[in-house]
Amino acid sequence: MTTLITGARGRIGQAIISRLQSAGLTVRAASANPAELTVPDGVDVAELALDRPETFDSALRDVRRVFLYPEPAGIRELVKAAEAAGVEHVVLLSSSSVLGPEAEHDPLASHSLQVERALAGSDLACTFLRPDAFASNSLGWAYFIGQSMPIPLAYPDAHIAPIHPEDIADIAVEALTGTSLTGRSVTLTGPDSLTFREQLAVLADTLGREIPVEHITRAEAEQQMGRHLPAPMVTSLLDLWEAANHGPAAIADTAQTLLGRPARTFRQWARENAAAFTRH
C-alpha cells in the first residue's frame with residue numbers, strides 16, 4: 001500500500017515522508033520537478049504536476065493514500081484519476097481561512113476552498129487539515145532582525161495561535177496511517193495565543209537581544225507589503241490582522257487534543273530556528 005506525498009519539496013511534505021519511511025511504510029514523493037527532490041533512500045519519486053493531468057496515472061499507480069497540497073489547477077481531473085486508481089483516503093493540507101464568511105472571494109482562502117469542494121463532491125474518503133498561522137511565518141522578520149532593524153507592524157497587538165509545522169506533520173501522519181481523523185475537518189492551532197509583539201519578545205529572549213517594534217499605519221504597511229505581494233493578498237492579510245486585534249485567538253485542535261501529547265510551543269520553534277535570525 002503506497003502513500004503519495006504531493007508538495008514533497010516543502011518542509012511539511014519532507015517531514016511526513018521521513019516519518020512514514022522510518023515507520024517502514026511505502027512512500028512515493030511527487031513533484032512537478034522530481035529531479036530536484038531530495039528524499040531518503042528507498043522512497044520512490046514520481047512526476048506529478050497538478051496542472052498537467054497526463055502525469056496523474058503514473059504517479060497514482062498502486063497508491064491508496066494521498067497527502068495533498070491545495071492547488072485548484074487540475075483538481076477535478078486529479079480526483080477522477082484518484083478514484084479510478086483505487087485511492088482510499090486523501091488528506092488535504094487546507095487552511096483555516098476557508099471558514100471565513102468571504103472565503104470564496106478571499107485570495108488567502110479560495111485555493112483551499114476550491115480543492116475542498118472538489119474532494120467533498122467525490123467518492124473519496126477525505127480529511128481536511130485546516131491549520132491557522134504557522135510559527136514559521138515569523139521567518140518573514142528574519143531580515144529585519146538579522147540587520148538589527150525595528151520590525152514595522154500595522155497591528156503589533158493582533159492575536160494568533162501559531163502552530164509548529166512539526167505538529168502539522170505529526171497530525172498528518174496520524175490522518176494517513178490511522179482512522180481517528182478519517183472524514184473529519186479539523187482546525188489546527190498551537191497551544192497559545194500570542195500577539196505579534198509577544199512573539200517578537202519570545203524571539204528577543206531566545207536571541208538574547210532587544211527587537212524593537214515600529215508601529216506603522218495601515219497605509220504604510222500596504223505600501224511595504226505591496227512590494228512583495230499582490231494587492232488583494234495584502235488587503236486580506238491586513239483585514240485578518242485588524243480583526244485579530246480585539247482579543248486572544250481561539251485555541252482549536254492541537255497535538256494535545258488530537259494526538260494526546262503536548263503541542264510544541266512557539267518558544268520551542270524559536271529555539272530550534274534561532275540561527276535563521278542571525279544570518280543576514
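Predicted model: local features only at pLDDT ≥ 70, side-chain atom pairs only at ≥ 80, totals over all residues.
Helix H7 covers residues 196-207, a run of 12 residues. From its first C-alpha to its last it reaches 16 Å, close to the 16 Å expected at 1.5 Å a residue. Phe-196, Gln-199, Leu-200, Val-202, Leu-203 and Ala-204 are the buried residues in H7. After the helix comes Gly-208, which has a positive phi, near 75°.

Helix H9 (residues 231-243) has 13 residues, and at 1.5 Å a residue these should span 18 Å. In H9, Val-234, Ser-236, Leu-237 and Leu-238 are buried. Helix H8 (218-225) is included in what covers them.

## The packing of H3 and H4

Two packed helices are described by the distance between their axes and by the angle between those axes. The axes of helix H3 (residues 75-85) and helix H4 (residues 110-120) come within 10 Å, crossing at roughly 30°. This crossing of H3 and H4 is right-handed.

On the H3 side, the contact is made by Ile-75, Arg-76 and Val-79, while H4 contributes Val-115, Ala-118 and Leu-119. Sorted by class, the contact of H3 with H4 has 5 nonpolar residues, 1 charged residue and no polar ones.

## The nonpolar cores

The largest nonpolar core has 30 residues. Within this core, Trp-141, Ile-145, Leu-200 and Leu-203 touch the most other members. At least two residues each are supplied by helix H5 (142-146), strand S7 (151-153), H7, H8, H9 and helix H11 (266-272). H7 gives the largest share of this core, 5 residues.

Trp-141 also shows which parts of the chain meet here. Apart from its neighbours within four places in sequence, Trp-141 is in contact with Ile-151, Leu-153, Phe-196, Gln-199, Leu-200, Leu-203 and Phe-277. A second, separate core has 27 residues, among them Ile-16, Phe-67, Val-91 and Val-186.

## Pro-152 in strand S7

Pro-152 lies in strand S7. Its relative accessibility is 15%; because buried means under 20%, Pro-152 counts as buried.

Not counting residues up to four places away in sequence, Pro-152 touches Phe-144, Glu-214, Ile-216 and Gln-224. Pro-152 and Glu-214 are 62 residues apart along the chain, yet 4.6 Å separates their C-alpha atoms.

Definitions and conventions: Residues numbered from 1 in each chain as written. Heavy atoms only, no water. Helix = DSSP H or I, 4+ residues; strand = E, 2+ residues; numbered from the N terminus. Expected span 1.5 Å × (residues − 1). Buried < 20%, exposed > 50% of the residue type's maximum accessible area, 1.4 Å probe, protein only. Axes fitted to C-alpha atoms, helices over the stretch in contact; angles between N-to-C directions. Left-handed = near helix turned anticlockwise from the far one by under 90°. Contact = heavy atoms within 4.5 Å. Nonpolar A, V, L, I, M, F, W, Y, C, P; charged D, E, K, R; others polar. Core = buried A, V, L, I, M, F, W, Y, C linked by side-chain atoms within 4.5 Å.
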